Amino acid sequence: MAKKDVPTATSKERLGVVTERVRRAGSDAVVVIDEQRIVLGLLRAKELAMDPGLTVEAVMRPGPSTFRPYVPIKEMADYMTKKDLASAPITTSDGKLVGLLLRADAVAQAEGCEDCARKMI
């Protein structure tokens with residue numbers, strides 16, 4: 001479900017460069033990563049509209065909510081809806097970016113799915 005071709009940026013890049021790249025990609029979210037693809041932060045439309053001369057690090061939302069690939073889609077959809085998250089990064093247990101899950105996709109997939117919730121013992 002996660003989009004693997006998500007726009008990314010490093011913390012030292014200038015916001016103007018990143019914003020232009022993201023708009024060409026047709027997205028409104030950017031995952032900020034380091035050299036090992038560890039998720040550091042997130043940029044959304046609000047941050048992308050800020051002063052283009054600023055660095056990504058200066059405006060990013062640090063420590064975004066992330067999910068692991070094994071979390072059931074219903075659980076992700078419910079959390080994203082409750083917290084009003086338009087998207088959330090999917091990461092490995094060591095924080096490496098797998099992709100970006102859009103709330104609309106999660107909700108559509110989870111709707112009416114009886115087996116999409118975590119089973120408790």
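Student: Which side chain does arginine 21 meet in a salt bridge?

Tutor: That would be glutamate 13, with N to O at 2.9 Å. A salt bridge here is a side-chain nitrogen of Lys or Arg within 4 Å of a carboxyl oxygen of Asp or Glu. Before we go on, this is a predicted model, where local features need pLDDT of at least 70 and side-chain atom pairs count only at pLDDT 80 or more, while totals for chains, interfaces and linings use all residues. Residues are numbered from 1 along each chain as its sequence is written, and side-chain values use heavy atoms, with hydrogens and water left out.

Student: Is arginine 21 buried, exposed or partly exposed?

Tutor: Partly exposed, at 29% relative accessibility. Buried means under 20% relative accessible area, exposed over 50%, and partly exposed in between, using a 1.4 Å probe and protein chains only.

Student: How many salt bridges does the count come to?

Tutor: Seven by this rule. One of them joins aspartate 105 and lysine 3, with the closest N and O atoms 3.5 Å apart. Aspartate 105 lies in helix α5 and lysine 3 in the segment before β1, so this pair ties together parts that are 102 residues apart in sequence. Helices (H or I, at least four residues) and strands (E, at least two) are DSSP runs, numbered from the N terminus. Aspartate 105 is partly exposed at 24%, and lysine 3 is partly exposed at 38%.

Student: And what does lysine 12 pair with?

Tutor: Lysine 12 forms a salt bridge with glutamate 57, their closest N and O atoms being 2.9 Å apart. Lysine 12 sits in the loop between β1 and α1 and glutamate 57 in helix α3 (residues 56–59), 45 residues apart. Lysine 12 is exposed, with a relative accessible area of 60%, whereas glutamate 57 is partly exposed at 43%.

Student: What does serine 11 touch?

Tutor: Leaving out residues up to four places away in sequence, serine 11 touches Val32, Ile33, Thr55, Val56 and Glu57. Contact means heavy atoms within 4.5 Å. Serine 11 lies in the loop between β1 and α1, and it counts as buried at 14% relative accessibility.

Student: Switching to the sheet: what is the strand order?

Tutor: The order is β1-β2-β3-β4, in an open sheet of four strands with mixed pairing. The edge strands are β1 (8–9) and β4, each pairing on one side only. Two strands pair if DSSP finds at least two bridges between them.

Student: Does β2 run parallel or antiparallel to β1?

Tutor: Parallel, with two bridges joining β1 to β2 (residues 30–33). Valine 31 in β2 is the bridge partner of threonine 8. On the other hand, β2 and β3 (residues 39–43) run antiparallel and are joined by four bridges, with valine 30 standing opposite leucine 43. These two strands form a hairpin with five residues between them, and arginine 37 in the turn has a positive phi of about 70°.

Student: Which way do the β2 side chains point?

Tutor: Val30 and Val32 point one way and Val31 and Ile33 the other, and all are buried. In a regular strand the side chains alternate between the two faces of the sheet.

Student: Aromatics next. How many aromatic pairs does the structure hold?

Tutor: One. The rings of phenylalanine 67 and tyrosine 79 have centres 5.7 Å apart and planes at 85°, so the pair is edge-to-face. Rings of Phe, Tyr and Trp (its six-membered ring) pair if their centres lie within 6.5 Å; planes under 30 degrees apart count as stacked, over 60 as edge-to-face and the rest as tilted. Phenylalanine 67 is buried at 9%, while tyrosine 79 is partly exposed at 32%.

Student: And how many residues does the largest nonpolar core have?

Tutor: It has 12, including Phe67, Met76, Ile90 and Leu101. The largest share, four residues, comes from α4. Such a core is a set of buried Ala, Val, Leu, Ile, Met, Phe, Trp, Tyr and Cys residues joined through side-chain atoms within 4.5 Å.
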